[in-house]
Amino acid sequence: MKTYYLLCLLVVLLLVACGTPFPATSDLRAPLTYLTTADSSSLLRPIPGGLRVSDRRQPATIVIDPDSSFQEMDGFGFTLTGGSAMLLHRLPEARRSALLAELFGTGPEGIGISYLRLSLGASDLDAEVFSYAMVPEGETDEELRHFTLDRDREHLIPVLREILAVNPEIQLMASPWSPPVWMKDNGGSKGGSLLPQYYGSYAAYFVRYLEEMRDEGIPIAAVTVQNEPLHPGNNPSLLMEAPQQAEFVGRYLGPALEAAGLSTKIVIYDHNADRPDYPLTVLRDSLANRYVDGSAFHLYGGSIEALSQVHAAFPGKALYFTEQWIGAPGNFAEDFTWHTRELIIKAPRNWCRTVLEWNLAADAEQKPHTPGGCTRCLGALTIQDGAVVRNTAYYVVAQAAKFVRPGAVRIASNFPPDLPNVAYRTPAGDFVVLVLNDSPAENAFTIGVHGRVYTATLPAGSAATYLIYNSEHEERH
């Protein structure tokens, strides 16, 4: 035994003499850095040594407080429109499988999309307008005898099944753009309002959709009552004022889901941040309030900070960010900076559990879309002739989705003017910090967490996601 120890000592001395380094304990779990730059030279690229433990005692620029926590996250993702599903479904099988694994997988090559919004019926990014209860003009179908999901069975449902095979835990939200036209006062797909005599039939329409999607093996976690209820100019669309939505939810939709034994969450509003009075009106209705899980927002108008007004008034209700487009052809530097700052960083800092970009995929001409639908909605992916191009929204979402998994909890951090940021504790107990350099020059800064200070440098307009392993967590395990 004595000889054995002498031999071990000799080996150590020889390694030292030869200059062979021994890894320090802290280096075994060095922080990870993933960088996307405004000039696109780095796109979600791992940067070794991008975050380093500082050897100088100095006040940290960004201070993380893990003991102050806020909402739990449901995830980051996109709207899987009917058009997006069609383009994905028409890809060759092997290419589609690889792409879905990249989009929804959580391994090294995946970006980990964990939440999708669907259209309940057609959105304006379907090839044509349809509902699940279509009848000849002048007829009605109050008992929904003609209800069918056949349009979704062509592309959407097969693609969703493949996505669920990649990530069985993905959450799905469904949003209607319009009821069947026979339920509306103008008899058309664009605009108009839901006739009160059809409130019951429309609630039953939601129930049928949820039950039949469940029977297809596709559970819907949440529904919004109406996409953009104050924008009746899209095709399809519906005008639904706040008192109408409160009545529909409180007297019809909520009781119908409850009677059917469905646990699907009801989410109200689903429109711009300039009208927080809308969700507040619905939430102040005592009948509607008991059925409402939370409110959803877009940011085509208003300020993202307005969402915190709704949280302050009803802190027990959830908030969701559900849509924002990028207009084609886009400007990567400008779009990436704005979307990262206002959505990926500020929406969670204003209590949102999800951040969803609009439109997972379109072709090179931003098709398909309905007559009168969006003609400039740039997909996160451009799919054309079997080729796939990853656009700005892909990297905006990936910068968060890959690292902030469902169940992560937002934790406190300060907010330096040129370094907007958001921080999380992961389900594993580690920390994720996403930082944007919102200045026109390179920015050197420090991050402080749990008594340690780390140094980093970011190019102008660029964002980095830092994964910092929790030393206390390591010691416990």
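Val 63 stands opposite Gly 448 in β19. The model is predicted: local features need pLDDT of at least 70 and side-chain atom pairs count only at pLDDT 80 or more, whereas totals for chains, interfaces and linings use all residues. Residues are numbered from 1 along each chain as its sequence is written, and side-chain values use heavy atoms, with hydrogens and water left out. Helices (H or I, at least four residues) and strands (E, at least two) are DSSP runs, numbered from the N terminus.

**Pairing of β4**

- Strand β4 (residues 62–72) pairs with strand β19 (residues 443–449) in the parallel sense over 2 bridges; two strands pair if DSSP finds at least two bridges between them.
- Strand β4 is also joined to strand β16 (residues 409–413), by 4 bridges and in antiparallel fashion.
- Ile 64 has Ser 413 in β16 as its bridge partner.

**Barrel**

- The strands β5-β6-β7-β8-β9-β10-β11-β12 form a closed barrel of 8 strands with parallel pairing.
- Direction ignored, neighbouring strands of this sheet are turned by 25° against each other on average; axes are lines fitted to C-alpha atoms, for helices over the stretch in contact, and angles run from 0 to 180 degrees between N-to-C directions.
- Ala 174 stands opposite Val 223 in β8.

**Helix α7**

- Helix α7 (residues 242–259) has 18 residues and spans 24 Å from first to last C-alpha, close to the 26 Å expected at 1.5 Å a residue; the expected span is 1.5 Å times one less than the number of residues.
- A kink of about 45° is centred on Val 249, the bend being the angle between axes fitted to the seven residues ending at a residue and the seven starting there.
- Buried residues of α7 include Gln 245, Phe 248, Val 249 and Leu 253 (buried means under 20% relative accessible area, with a 1.4 Å probe and protein chains only).
- The buried residues of α7 pack against α6, β9, α8, α9 and β10, where contact means heavy atoms within 4.5 Å.
- Helix α7 lies across β9 and β10, at about 150° to β9.
- Gly 261, with a positive phi near 70°, follows α7.

**Gln 226**

- Gln 226 lies in the loop between β8 and α7 and is buried, with a relative accessible area of 0%.
- Its side chain reaches the backbone oxygen of Trp 177 at 2.9 Å.
- Not counting residues up to four places away in sequence, Gln 226 touches several residues, including Pro 176, Trp 177, Gln 245, Tyr 269 and Asp 270.

Conventions:
Buried < 20%, exposed > 50% of the residue type's maximum accessible area, 1.4 Å probe, protein only. Polar contact = N/O pair within 3.5 Å; in protein donor to acceptor, adjacent residues only side chain to side chain.
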